[in-house]
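User: Could you take a close look at the disulfides here, and at the strand that carries one end of a bridge? I'd like the surroundings too, not just a list.

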Amino acid sequence: QLQLVESGGGLVQPGGSLRLSCAASGFTLDYYAIGWFRQAPGKEREGISCSSDGSTYYAGSVKGRFTISRDNAKNTAYLQMNSLKPEDTAVYYCAANPTIASVQTMCLVRGLFGSWGQGTQVTVSS
């Protein structure tokens, strides 16, 4: 069984911070690319940050505000989100797949990820 479980979402004020976690089971993240995607109501799911083989990618909308990381000992990936804006409101998903393309390509083509979490809601509002 391959499983990813997100946690850490919630309601936060503009300018605030949240850290999302993605716990993996059934496989180890060491040799996998990790992606964080988000989907707002009525919109397509978009890649916002991905990492693999020591390389990282950030979408322009989150660059400088979000940081992707992983703790292999805990088999968990993280997304630190700072300076949150109302436009960041969405369901956030983590995804994993063996690295089969550049990190940017994998983040821009969600079909390259085979394993997905269930999503966690992030709402940025005053």
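Analyst: Happy to. There are two disulfides in the structure, a disulfide being a pair of cysteine sulfur atoms within 2.5 Å. Before the details, a word on the ground rules: this is a predicted model, where local features need pLDDT of at least 70 and side-chain atom pairs count only at pLDDT 80 or more, while totals for chains, interfaces and linings use all residues. Residues are numbered from 1 along each chain as its sequence is written, and side-chain values use heavy atoms, with hydrogens and water left out.

Start with Cys22 and Cys94, whose sulfurs sit 2.0 Å apart. The S-S torsion of this pair is about 65 degrees, so the disulfide is right-handed. Cys22 belongs to strand 3 (residues 18-25) and Cys94 to strand 9 (residues 90-98), so the bond ties together parts 72 residues apart in sequence. (Helices, H or I with at least four residues, and strands, E with at least two, are DSSP runs numbered from the N terminus.) Both ends are tucked away: Cys22 is buried at 1% relative accessible area, and Cys94 is buried at 0%. Buried here means under 20% relative accessible area, with exposed over 50% and partly exposed in between, using a 1.4 Å probe and protein chains only.

Now the other one. Cys50 bonds to Cys107 with a sulfur-to-sulfur distance of 2.2 Å. Its torsion is about 80 degrees, so this disulfide is right-handed. Here a strand is linked to a helix: Cys50 is in strand 5 (residues 46-52) and Cys107 in helix 1 (residues 103-108), 57 residues apart. Cys50 and Cys107 are both buried. Counting bonded cysteines along the chain, the pattern comes out as 1-3, 2-4.

On one side, strand 5 pairs antiparallel with strand 4 (residues 32-39) over five bridges; pairing takes at least two DSSP bridges between two strands. Strand 4 and strand 5 make a hairpin with six residues between the strands, and there Gly42 has a positive phi near 80 degrees.

Strand 5 also pairs antiparallel with strand 6 (residues 55-58), over four bridges. That hairpin has two residues between its strands, with Asp53 in the turn at a positive phi of about 50 degrees. Ser51 shows up in both pairings: Ile34 stands opposite Ser51, and in strand 6 the bridge partner of Ser51 is Thr56.
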